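Dear colleague,

Please find the structure we discussed handed over below.

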Amino acid sequence: AAGAAAWAGGAFDPRLVGPHDPLVARTEAARRRPGATTVTARLHPRPVRHDLGGPVVTTWGYADSGPGPLLRARPGDLLRVEVTNDLPVSTSVHWHGVALRNDMDGVPGVTQRPIAAGGRYTYEFTVPDPGTYFYHPHSGVQLDRALYGVLVVDDPAEAGDHDQEWVVVLDDWVDGTGRTPDDVLAALTSMGGHGSMGGMAGMPGMSGGMELMTSPLLGGAGDVAYPHQLVNGRVPAAPVTLTGRPGQRVRIRLVNAASDTAYRVALSGHRLTVTHTDGFPVVPTDTDSLLLGMGERVDLLVRLGDGVFGLVAAAEGKTGQGLAVVRTGAGDPPPPAVRPAELDRQVRNTGTLRAAAQVALPRRRPDRTHRLVLGGGMMPYRWTVNGATWDDADPLVVGHGERVRLEFVNTTTMFHPMHVHGHTFAVAGGGARKDTVIVTPGRTVAVELDAVNPGRWMTHCHNVYHAETGMMVDLAYR
Ligand code: C2O
Ligand code: CU
């Protein structure tokens, strides 16, 4: 299918990337902090058996259970990650949200050759900005196995603002049900040829797929109904427990690593204070619950109450939810299907948060505007930007130093979390600094960025099935 060409890429042309470009070298050198340390880590993608807390599945992962190793560095450090690929296929590692040097961005066919089965590759780059990031392959739909992990870049200035920290990763799970993500992709792309649901019949949890179009907030959340929703690699029947003491201030770093599911997240009995999204500070904002699209992150501050609480991630527009138990005192754990009242009170879309003053993009007239009309649909299963799939899309050209405005125009009935590599944009009109923003059906979201990180950068929907079947375009420095 067309998809195979997409995230895997075509022939690699090193001249496109510019590792030899003096501008790339200078930009990288400017990021290095004097006295910076080198942080070394290893990633070992491999076939694994994961116990999800009942279901035991055979899949691919970076760890023997749950997300891959938590990587931590400080701004200005050099991060060196040695990857040994023990998968039966080639892979890559993309550093989602990090404004890094282009040749380390991990997009096979565009910024590097794929890491062959049995091969090795070392990523080495300076991490510029503090925040919550994550890493995953940019090869096919590998992200939809268990191939993801979190990268935290600690801000020394924020060390004292909380008593402890929890890293919480959300994921929708189809692998291990008799179908792999590659089977799902094959089934999706075989749809529509004969006016039927084609390969969808018999898909786990697939009740015709159309229940998915009903989200009140999104219009249609996704394509694939997942049998399990995971929090830190566990199903709700056997959830992880996060412990603390009443009155403590906890920082929750929340990552949506799912491929096809947005979540509405709440902690029963608590208000959430959103302090950051996609790594960058916002004007602190209290809410009962929030909506997190695929590829988005938020940092929350919570003052813990006394008792046992459910941290629930309800799959938006679908049935099913993920659960973690928060325990600060005595009490029975909540039932797996607990639905905190907070989920149905005030819901915040992270795209509506305001940037904190210190990271607000200074006002400036855009030098260039690109309009990205998001199109396509389920039958046939094909997703486009300006009518083209990635393999035949013209790159969005930008000039170094320009203020660039991107207008995402959603003409479909599904939402698309749009992600730009290598840059952090500002949602137009003083909105948050982000790298991934939800574009709901029929709406336009404009973002602005300063083109100061030369290279060739993917710009795509973070529904990996949408990206893989075409909803992706390059942003290229001329
Ligand atoms: Cu998580 Cu191309 O992105
Ligand atoms: Cu999409």
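The notes that follow describe what was found in this structure.

Confidence. Please bear in mind that this is a predicted model. The mean pLDDT of the protein chain is 90, with 90% of its residues at 70 or more. For the model as a whole, the scores are ipTM 0.98 and pTM 0.93.

Overall make-up. The protein chain contains four helices and 32 strands. Of its 478 residues, 53% count as buried. Among contacts between residues at least 6 apart in sequence, 76% join residues that are at least 24 apart.

Domains. The chain is divided into domain 1 (2-155), domain 2 (162-353) and domain 3 (358-477).

Annotation. An unreviewed UniProt entry places the feature "domain: Plastocyanin-like" at residues 54-157, 229-327 and 371-477. In the model, residues 54-157 are 0% helix and 36% strand, and the end C-alpha atoms of that span lie 41 Å apart. Residues 371-477 are 5% helix and 51% strand, with end C-alpha atoms 17 Å apart.

Six strands form an open sheet with mixed pairing, in the order 23-22-25-30-27-28. Strand 23 (382-385) and strand 28 (433-434) stand at the edges with a single partner strand each, so one side of each has no neighbour in the sheet. Strand 22 (residues 368-377) pairs with strand 23 in the antiparallel sense over four bridges. Within that pair, Leu 374 stands opposite Val 385 of strand 23.

Elsewhere, strand 15 (residues 272-277) and strand 16 (residues 280-287) also pair in the antiparallel sense, over five bridges. The bridge partner of His 276 in strand 16 is Pro 281. These two strands form a hairpin with two residues between them, and Asp 278 in the turn has a positive phi of about 50°.

Pro 75 is found in the loop between strand 4 (71-73) and strand 5 (78-84). Why does Pro 75 count as partly exposed? The class follows from its 17 C-beta neighbours inside 10 Å, because a residue needs 20 or more to be buried and 12 or fewer to be exposed. Leaving aside neighbours within four places in sequence, Pro 75 is in contact with Arg 33, Val 127, Pro 128, Asp 129, Pro 130 and Val 153. By contrast, Gly 376 lies 40 Å from Pro 75, C-alpha to C-alpha, and the two are 301 residues apart in sequence.

With kind regards

Notes. Residues numbered from 1 in each chain as written. Chains lettered and ligands numbered in written order. Predicted model: local features only at pLDDT ≥ 70, side-chain atom pairs only at ≥ 80, totals over all residues. Domains from an automatic or database assignment. UniProt positions renumbered as here; feature names shortened; annotations may be inferred. Pairing = 2+ DSSP bridges. Contact = placed C-beta atoms within 7 Å. pLDDT = per-residue confidence, 0-100.
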